[in-house]
Each structure stands twice: as C-alpha cells, then as structure tokens.
Amino acid sequence: MKQALIKLHISVFLAGFTGILGVLIQLNEMTLVWYRIMITVVSLSVLFFLTNKSTRIPKKQAVHYFLIGTLIALHWVAFYGSIKLSNVSIGLVCFSATGLFTALLEPILVTKKLQWVELGLGLLSLLGIYLIFHFDERYQTGIVVGIISAFLAALFSVLNKKQVADAEPTVMMLYELTGGLVILTLLMPVYAYFFPETSIIPTVSDLGWLLVLSWLCTIVAMQLMLDSLKKVSAFTQNLSLNLEPVYAIIMAFIFFDENKYLSASFYYGVGLIILSVVLQMVRMLAKHSFKMKQ
C-alpha cells in the first residue's frame, strides 16, 4: 500500500507539469491533445516493437479500452480548454471536483456502497471551487469547462479501476490512447470549423514541450498511476490528484506570476481543497494500519 501511494503521488507531481506545458505550447487545446496522444501512441508502439512485447488482448477488452480512451482524450481537451480560458491555477483547481464525481459514480459503476465520508470530502473540495467561482467572475467560463473536465476524469478513472487487472498498464495505455487518437482525429475537422487556428504545425519549441508532455507526463505518469490503481481506490486516486493544482499553482506563481491576478477567495478555496486531500490520506493510512494489526 505504501508503494502504491508513493507511485500515485509521483504520478501526481508529474501531472502537475501538464498545466504549465499547456501554457508553454501555443497550439489550441484540441491540436495540443492530438499531438500529445499521437506522440505517446507512436512511442509506445516503437517500444513494444523493440522489446518484442506482445500487445494482443481479447477483442471485447480492446473495445472497452478504446471507449475509455475516448473519455481520456475528451477530458484532456476540456482540461487544456479550461486553462486557456482562464489560467493554470484556475484550471487545475477545478480538477478537484473529480473527487466528488468519483464518490458519486463509483457506487453506480463498480457496485460499491456509497461512502458518505468520501462524499463529504468531495463536497469540501467542491466548496473550495465554489468560493473561487462565486467571487471571481473573470474565470467562470474556464471554471465550467474545468468542471466538465473533472467529470470526464472521474468517469474514466472509475472505469479504469474495473479494467486495470485485465492487462499490463503499458498495454492498457496503448489501446486506450489509440482510441483517444481515433476520436480526436474524427473530431478535428469539426473542432477546427468552430474554433479555427492559424497553424496546426508545432514550432520547434512546441515540439520539445510536446515530447516532455508525452514521454514524462503521459507514459511515465500513467504507468505509475495505473500501477497504483491495483492497490488504491479510484476515489483515493482522484482525491490525491487534487494535489496536482498545488504543485502546478506553485510553478505558475514562479514562472507566470499568476499570484498577481488571484483574489483572496482563491486561497480560501485552495485551503479547503488541500484539507480534503490531507483528511483522506490520514483516513486511508489509518484504515490500512488497522487492517495490518488485525
């Protein structure tokens, strides 16, 4: 369990860079995510070829992974859309609603009994988001898109929890992101019609950041996260991901001086979100310690 938590929090720390990279990469959210997934899928395919590793899985299982991958891709598009409509700090704080959505979805999709404590902790995070939303009208559109992103993240995490024992994480990742690449490729013309972009070709700088995003923040981070899901619940995973805004906000303050544009209500909201994470971690570790003593 301790190893699973360590892997989980390393993956969360790596995920904290994604918001920063979303600002550094000048492409719009759809194009950015398409390149991110394409580079990741090609890299994984080359890796499997060089290691002569089999990626064969049953067709039904492959279909499940493809469908989950579409949710991952759409979540990333909404996530980067939220950042570009507001800023890194706001976009990542909205991601904290994932804990609440997971607490509601897990009992429905995994036939797990509703955990009122988890629901309460998720609501605590949501209260933090409300404080930011209510008092800072400049970012309301970005917040709405960010909450949509959080719902999609909760949905694919719960579904991943059901499938994680059926295949090795990297194989699972390859099939899921291939599904995401297919759906985004189909949606790109429609998206480009409504949200035209001057260029879809990344600059040299964009390409460098895309490689960091794909290799470090996608392949390595998702590998660690999927490994951790074998031991921890989807709710614990998603509530732990609420630390992602903390890491990203610190980096945004350092690199982009975003603290100049945030009101006091932002800090009150972040304080509630951090409190929810700490309480869940203490609760989980105490529960595990009690089981070990029995």
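**Helix H2 and where it leads**

Mentor: Let's start with H2 and H3, which are oblique to each other; that word covers whatever is left once angles under 35 degrees are called roughly parallel, over 145 roughly antiparallel, and 65 to 115 roughly perpendicular. Before going on, remember that this is a predicted model, where local features need pLDDT of at least 70 and side-chain atom pairs count only at pLDDT 80 or more, while totals for chains, interfaces and linings use all residues. Residues are numbered from 1 along each chain as its sequence is written, and side-chain values use heavy atoms, with hydrogens and water left out.

Two packed helices are described by the angle between their axes and the distance between the axes. For H2 (residues 29-51) and H3 (residues 59-85), the axes come within 8 Å and cross at roughly 135°. Helices here are DSSP runs (H or I, at least four residues; strands are E, at least two), numbered from the N terminus. An axis is a line fitted to C-alpha atoms, for helices over the stretch in contact, and the angle runs from 0 to 180 degrees between N-to-C directions.

Who does the touching? On the H2 side you have Glu29, Met30, Leu32, Val33, Arg36 and Ile37, and they meet Ala73, Trp76, Val77, Tyr80, Gly81 and Lys84 of H3. Contact here is heavy atoms within 4.5 Å. Sorted by class, the H2–H3 contact has 8 nonpolar, 1 polar and 3 charged residues. In that scheme Ala, Val, Leu, Ile, Met, Phe, Trp, Tyr, Cys and Pro are nonpolar, Asp, Glu, Lys and Arg are charged, and the others, Gly among them, are polar.

Between H2 and H3 there's a loop, and Asn52 sits in it. Asn52 has a positive phi of about 55°, although it isn't a glycine. Most residues other than glycine have a negative phi. Asn52 is also exposed, with a relative accessible area of 71%; exposed means over 50%, buried means under 20%, and partly exposed is in between (1.4 Å probe, protein chains only).

H2 has another partner, H9 (residues 204-228), and here the axes come within 9 Å and cross at roughly 65°. The crossing of H2 with H9 is right-handed. From H2 the contact uses Leu32, Tyr35, Arg36, Ile39, Thr40, Ser43 and Leu44, and from H9 it uses Leu210, Leu211, Leu213, Ser214, Trp215, Cys217, Thr218 and Ile219. By class, that makes 10 nonpolar, 4 polar and 1 charged.

A disulfide is a covalent bond between the sulfur atoms of two cysteines, and the search for a pair of cysteine sulfurs within 2.5 Å finds 0 in the whole structure. For Cys217, the closest cysteine sulfur is that of Cys94, 20 Å away, which is too far for a bond. Cys217 is buried at 4% relative accessibility, and Cys94 is buried at 1%.

Now follow H9 to Ser228. Ser228 is buried, with a relative accessible area of 0%. Leaving out residues up to four places away in sequence, Ser228 touches Ala4 and Leu8. By contrast, Ser228 and Arg138 are 90 residues apart in sequence and 37 Å apart in space, C-alpha to C-alpha.

That brings us to H1 (residues 2-24), whose axis comes within 8 Å of the axis of H11 (residues 243-256), crossing at roughly 40°. H1 and H11 are therefore oblique as well, and H1 passes H11 in a right-handed crossing. The residues in contact include Phe13, Phe17 and Ile20 from H1, and Tyr247, Met251 and Phe256 from H11. The class count for H1 with H11 is 13 nonpolar, 3 polar and 1 charged.

One last stop, away from those pairs: Ser276 in H12 (residues 264-293). Ser276 is buried at 0% relative accessibility.

Terms used
A crossing is left-handed if the near helix is turned anticlockwise from the far one by less than a right angle, and right-handed if clockwise.
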